[in-house]
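Have a look at the sequence and the model first.

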Amino acid sequence: MLTGSNLKRIFILLTLSFLSGCSSYGVINNVEQNNQSKSLDASYSLQSVIKNKPQGKIALVLTFSGGGTRAAALAYGVLKELNDTKTRYQDKSLRLLDEVDIISSVSGGSFIAAYYGLNGKRTFEDFEVTMLKQDIEGELISGVLNPFRWFKETGRTEMAIQLYNTSIFKDATFADLNKPGRPLILINATDLSNGVRFSFTQEYFDLICSDIGSFPVSKAVTASSAVPVVFNPVVVKNYHPCENKSRQKLVELAKMATNNYELKQAVDGLKDYTDTHYPYLQLVDGGITDNLGLRAIYEAIELAGGAQAFMTQVGKHNVKHIAVISVDASTLTNKPIRLSNKAPTIQQSVDAMTDIQIHRYNMATLQLFEKSLKKWGEELSTSTQKVEPHFIKLNFDQLSSDEERAEFNLIPTSLTLTEPEITKLIKAGRSLLRNNLQFQRLLQVLNNDQTSKIQ
């Protein structure tokens, strides 16, 4: 999501965009399903990917917020700390990062989520050089200035897709993400047409009669981070109707969601893809519908029929702890408008409105999720085994001093940051997790519980 700190560069992109022509069209990359398309058990779906991870006694989920490179660097620091955090069982030392089952991401957080999903531990060798320390915005502006692009019909977004594909994701598709032992990477975008959150998994591609396997990872990340107006939407074709059972599943989900407004709204939006003439999805920044990446997890579990049904669906049994680590890179910018009776500028007004929208919606999301996580723990508990939920929330408000908090709030929502800013963000991600009391408690119970075998 945007704050005013980087609007100068954004305005440059907007001004230069007029050079590239008035109309642009999205390049279609998603292919139609056919009778030979893979089932959910073999495709990039919640069901298949999580089933392919070894059974553990802890279900661990990470969520990465939006916030440009600031979000990617902070989340990268959290991943590094998890990789260096070890727990013991029967004299074995095990890395907590290997226990992560799902990473749900939006916008800037999707860069690191997708990169880790593709590269695993190699991420810690080259992600800083490959993405964090690159002048991505400068390259995008240079591309817009290139006169050979002025009259192309594909627009700025296709240029961003090509840049991310070439320099970061190396032609990877979702089939490349489907590796045994890796967590499910849940990249989230927003359909501009109906305001629905759209996740890049086969379950969602079934709704549009498409196969996700050959879909470019770079395109999904671009959609997740495509700020409206600055970038054109990423366009995905809806091939409905087809022979799969997605429409029947939505009918069942609608019945389940009757008494839950949150779920009913989500299901009603998804039904648009199968009930009406809806040939194209226009996908933009996932932070519009959930800047924390938590609602995707909430909907997946609740629409499965609850925690017990979800665990059965993904093949997980006897989980004693469920832990969710929410990495929130959102900032509160200074608002000098309170210091003068002068009318605020357009930039200042956009700043204030964006901050209000993000933080109020974030609070509502956190309250919903915390309540739900407690309920899921109760659903999974039995008379002989209690399942303990752990909700670990990381944000800049938890920094140790007012000066530090003010410093991080000044780091812009940009795709290009200075090396000192990147270094501070990585360090902050590590220290926020390490010093978090809920995280320390999780480590304590894992190390003390001799039945909590982590495989």
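Begin at Leu-62, whose bridge partner in strand E5 is Ile-103. Strands here are DSSP runs of E with at least two residues, helices are runs of H or I with at least four, and both are numbered from the N terminus. You are looking at a predicted model, where local features need pLDDT of at least 70, side-chain atom pairs count only at pLDDT 80 or more, and totals for chains, interfaces and linings use all residues. Residues are numbered from 1 along each chain as its sequence is written, and side-chain values use heavy atoms, with hydrogens and water left out.

Strands E2 and E5 pair in the parallel sense over 5 bridges; pairing requires at least two bridges found by DSSP. E2 also pairs with E11, again in the parallel sense, over 7 bridges. There, Thr-63 sits opposite Ser-326 of E11.

Why is E2 largely enclosed by the rest of the structure? The reason is that 7 of its 7 residues are buried, meaning under 20% relative accessible area with a 1.4 Å probe, protein chains only. Ile-58, Leu-60, Leu-62 and Phe-64 point one way from E2, while Ala-59, Val-61 and Thr-63 point the other way.

Now follow Ala-59 and Val-61: along with Phe-310, Met-311 and Ile-322, they lie nearest the centre of the largest cavity, which 26 residues line. A cavity is a set of points on a 1 Å grid over the protein atoms alone where a 1.4 Å probe fits but cannot get out, and lining residues have an atom within 4 Å of a point. Elements supplying at least two lining residues each include E2, E5, E11 and helix H14.

Key. On a 1 Å grid over the protein atoms alone, a cavity is a set of points where a 1.4 Å probe fits but cannot get out, and a pocket is an open set with protein on both sides within 12 Å along at least five of seven lines; lining residues have an atom within 4 Å of a point. Buried means under 20% relative accessible area, exposed over 50%, partly exposed in between (1.4 Å probe, protein chains only).
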